[in-house]
Amino acid sequence: MDQWDQLLASSEGLVQGNPLGMPRVSRTINQVQQLSEKMVSKVQHRDTTTDGLASARLLAQQGLNQRQLSKALSKFEMKPTYEDVYQTQHPSVDEYLRHVQQSTLLSAIQEAQKDAVSAFDDFMDECMERDWAQDRGRLVGQLMPIGASSKPQQSLPATQIRKQPAPLLLQGVNGATPMEAQPQRSEQATRYAEVVRAVNKVLVTGSQDQFDAVNAFLAACPEEDNADKKMTVHKAWVLLSTMAAQLKGAVSIPDRTEALVAGARSFLEQSYQQYIRSKLQERRSQGALSSSNTLDQLQAFARMTHQDHVDDKDLAWQVVFLALRAGHTDVAVKVAKGIRDPSSGSMGHSSFEQVLEQWKVDGHSLSQQQRSNIAKECTTNLLGDQSQTGPKALQHKYRVAAHAVLAADSGLADQVAKEAGIIGTIEDFMWLKLHLVQPSSAASMSTSNRQSPTATSSMLSPPYSTTTLQEEVLHWGPAFFSQDGAQPLVYVVVLLMSQHFRKAVEYMGDLVGLREHGTHMAIACNHLKLLSPEEQNQKVRQIIQQYGQDLTATDARLALEYYWQAAAVVDASQAVKEDLLRQLLIESKAYGSLLGSGAVGDPGALSSFVPDASERQRMMEAVGDACEQQGQLETARELYLAAPNPCAALRIMNRQLSDLIKPAITDQAAGEELAGLLRRAADAQNSIEKSSLQHASAAQQELQAFQYLQIIRHLLAAAHRRDPGPDYNVVLQQLAKLPFIPDRQHYAQRCATETNRRLHVALKHRLTDVIAAAHKAYLALHQSDPTQSLEKLSALSKYAVNLDCVDQQVVSDINKAVSEMV
């Protein structure tokens, strides 16, 4: 401490004077600032690398890792304290609270601004994603046609996009409202329902061949607006209608198969014709719109695929193929006759135009020898020719494609399908595949008779059938043809073309948006007998039945129309119809609407399907028996009443009355139900008494049971009366009307035996309550007439002991009362 004092004294001396005579140096503020800046610049220019290495060595000597230390320091964070945010140095509590309120409001406003900005950004991102998805769908639909190798291709090189025409009718709806948003009962559904009624009408009369159900459904499903480049349900109906038109006159299975193939090809060719006309309309400057000549239009369409001017003679092979693709065989023959190609080989002893003419005459088929010659020509001369370049190379491809169509060879077709410029859409692919399916049976035999003895088929691939086509379609599956579900109708149309009618209906039934159309397409296909064998149609039946089930709550009559069609797609047996009728009655409870109300002129909806009265009665009774066995008594009762079978209906109502008598005493709802049931039972009683059934033993038993149940109702109502209390006099009066309740001991054993053997089951269910009420009434009688009370109780005890349907506790109470009296 002393040393510090000495230093302080020395310092003060230096300030006061200059005893040592040292020179003084005086500097201004600016000079001091300049010197400071020089010192700072010297420090900044110092070599930091050397310092960094030195610091790293120093840290390493102390056992510290520089990287870990830097990482730890980067995570170091100084958190503010409560006092930093809310200053507590305030003169009053009010000022402090005001400061806290302002800070809270500012913080809330800042958070709200952040949330608003974030929500706006999210909304804009969703809008951009949605718009991009729609634009991407349009681009894919318009610029990326689907080609094929041995399957349809999913993409094309960019160099071929401009030359490739847009996809045709098999395009899906991009950016449209989802099909699930359609109302459940729309005008479309109403139009469909009218056709279903007409189909059922001809089904009942057996005149299915006289009604064109497919065209009726087609008329009920109008085309959508702006649907030129979309695949719609209407176009699917057009396809089915075109295929059905070819079935007229075809009886055998092979003939029907060939007719359906021809119909599918015809649909694709007509669609291509419409496509050509629409493209020419879009390109007025290049199209031959002023001419109605088919050849001029095809040539104009062919020129549209070339950027440079090309002479019509150089487009001959392309026009031939386009004519075949559009179904203009006459035009193809005409153009083929004008081709003068020295490099063109010959098929046997015939030129291409001669073979094409024969192909046209024979119904798009050739003999096996001719097909083999064409296949040989393609394999040896055409496919191996790589000398063509530029536009001529494209024409050479069309030439190979035209030969492959005539050869109907699957191997050559696969080679052609690899050319995306030739086979660019699923429609092109299916058209080519359908041309591979050759006529069988007699047609093939007639053409094979023209073969030479030395004919060989070594150049041909194995025969291609509809079964092969079906296997290929199922192999690629719905994900490929529908573009992962984006265009489901494309897969539906492909299934219909390949004659997978059941698969098409089942696929539509699995999609909510297509279920309504799939239901009615199933009905149309079944009308055309395209869903055989029937034992495999259980899922189709479920689709139609489910559609009808959705109508049970609003229109039971219309639901029956669909239930009847559900039975028709399986074996349409009587058992199936009865089972479906039972289900519909249970679900809808619309007995009057379906079975008839009993009034004159109201036979019910069922009479339209089963017009014969005796057959309808037998059906109702059979369904009623099934309902009764399964405990569905209400439905069984209404069926018996509508049959009419009043005896069976009264049997059901007796059981229901037995169950309601006791609850109706205290429950108002049960009382109202009991009153209505008594009226129905009285009507059934009158019907029996007016008919010849009144003398039958079964009818007599039911009438007697109904009479006794009414007595028991009054008996129990008096025994359980609350205000002013039980009326045992009424109970005794009603007991006297029941002959199976003995009042003397010597009658007890015989009454017990008869009760166990013959008493109606509805009466047995209430026997315990009756005996309990009799017990209390006899006890009340003891006060006025002990002797008679003891006699009646003893008889009742002996009677109850020998019964097998009475609660033993009640028997014990009666025996105890008798013992006490004795």
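Among contacts (heavy atoms within 4.5 Å) in the protein chain between residues at least 6 apart in sequence, 65% join residues at least 24 apart. The structure is a predicted model, in which local features need pLDDT of at least 70 and side-chain atom pairs count only at pLDDT 80 or more, while totals for chains, interfaces and linings use all residues. Residues are numbered from 1 along each chain as its sequence is written, and side-chain values use heavy atoms, with hydrogens and water left out.

The protein chain holds 41 helices and zero strands; both are DSSP runs numbered from the N terminus, helices being H or I with at least four residues and strands E with at least two. Of the 822 residues in the chain, 43% are buried, where buried means under 20% relative accessible area, exposed over 50% and partly exposed in between (1.4 Å probe, protein chains only). The accessible surface comes to about 44600 Å², and 51% of this belongs to carbon and sulfur atoms. Accessible areas come from the Shrake-Rupley method with a 1.4 Å probe, and for residues only the protein chains shown count as cover.

Turning to charged pairs, a search of the whole structure finds 22 salt bridges, each a side-chain nitrogen of Lys or Arg within 4 Å of a carboxyl oxygen of Asp or Glu. Helix α8 (residues 187-205) contains both Glu187 and Arg191, four residues apart, about one turn of the helix, and their side chains meet at 4.0 Å, N to O. Glu187 counts as exposed because its relative accessibility is 63%, whereas Arg191, at 32%, counts as partly exposed. A further bridge joins Arg197 and Glu194, with the closest N and O atoms 2.9 Å apart; these residues are three apart in helix α8, so about one helical turn separates them.

The side chains of Glu628 and Arg651 also form a salt bridge, at 2.8 Å, N to O. This pair links distant parts of the chain, Glu628 lying in helix α30 (residues 613-629) and Arg651 in helix α32 (residues 646-660), 23 residues apart. Glu628 is buried, with a relative accessible area of 16%, while Arg651 counts as partly exposed at 27%. Elsewhere, salt bridges that share partners join Asp414, Lys433 and Glu472 into one network.

Finally, Asp121, Asp122, Asp125, Glu126 and Glu129 form a negative surface patch. Patches comprise residues with over 30% relative accessible area and no salt bridge, like charges being joined within 9 Å. Glu126 is found in helix α6 (residues 93-143).

Key. Patch = residues over 30% accessible without salt bridge, like charges linked within 9 Å, V, L, I, M, F, W, Y side chains within 5 Å. Lys, Arg positive; Asp, Glu negative; His and termini not counted. Charge placed at Lys NZ, Arg CZ, Asp CG, Glu CD.
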